[in-house]
Amino acid sequence: MFYEIRTEHARPGRGAELASYMDETVIPLHQELGMHVVGAFTVVGDEDAFVWIRRFEDTADRERVLKAVHGDPRCAGVAETVAELTDGTESMIRLEPAPGSALR
């Protein structure tokens with residue numbers, strides 16, 4: 001099992017709009033298609049950043065879920081809206097639970 005922490009950066013002044021769109025459209029679509037979203041957050045001190053944490057059982061699970069998301073006919077329109085709201089920069093880190101962690 002592993003987690004991904006993704007940070008999306010909105011165009012200046014559009015952070016609240018991005019957060020709403022992520023909460024109301026992007027994350028529900030991903031969840032509907034099998035992704036486990038652990039949580040979604042705004043960043044104190046950076047009103048244009050949006051962070052969401054996703055969990056996958058393994059690399060094959062990640063590939064399967066992302067293939068389902070990107071293959072869904074709704075994805076193109078969603079991706080277009082996200083592109084309009086974001087400044088094109090994003091970051092992602094992958095985390096694996098420590099040995100002996102209750103998260104394993």
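**Exercise 1.** In this predicted model, determine which parts of the chain are tied together by the salt bridge between glutamate 4 and arginine 62.

*Solution.* Step 1: the side chains of glutamate 4 and arginine 62 form a salt bridge, with N and O 2.3 Å apart. Step 2: glutamate 4 belongs to strand S1 and arginine 62 to helix H2, so the bridge joins parts separated by 58 residues in sequence. Step 3: Glu4 and Arg62 also belong, with Arg54, to a network of salt bridges.

**Exercise 2.** Classify glutamate 4 and arginine 62 as buried, partly exposed or exposed.

*Solution.* Step 1: buried means under 20% relative accessible area, and exposed means over 50%. Step 2: glutamate 4 has 2% relative accessibility and is therefore buried. Step 3: arginine 62 has 24%, so it is partly exposed.

**Exercise 3.** Characterise the lining of the largest pocket.

*Solution.* Step 1: this pocket holds about 340 Å³ of space. Step 2: its lining consists of 22 residues; Arg6, Glu8, His30, Ala79 and Val82 lie nearest the centre. Step 3: helix H3 supplies the largest share, five residues. Step 4: by class, 11 lining residues are nonpolar, six polar and five charged.

Terms used
Residues numbered from 1 in each chain as written. Predicted model: local features only at pLDDT ≥ 70, side-chain atom pairs only at ≥ 80, totals over all residues. Heavy atoms only, no water. 1 Å grid on protein atoms, 1.4 Å probe; cavity = no way out; pocket = protein on both sides within 12 Å on 5 of 7 lines; lining within 4 Å. Points joined across faces, edges and corners; volume = space filled by probe spheres on them. Helix = DSSP H or I, 4+ residues; strand = E, 2+ residues; numbered from the N terminus. Nonpolar A, V, L, I, M, F, W, Y, C, P; charged D, E, K, R; others polar. Salt bridge = Lys/Arg side-chain N within 4 Å of Asp/Glu carboxyl O. Buried < 20%, exposed > 50% of the residue type's maximum accessible area, 1.4 Å probe, protein only.
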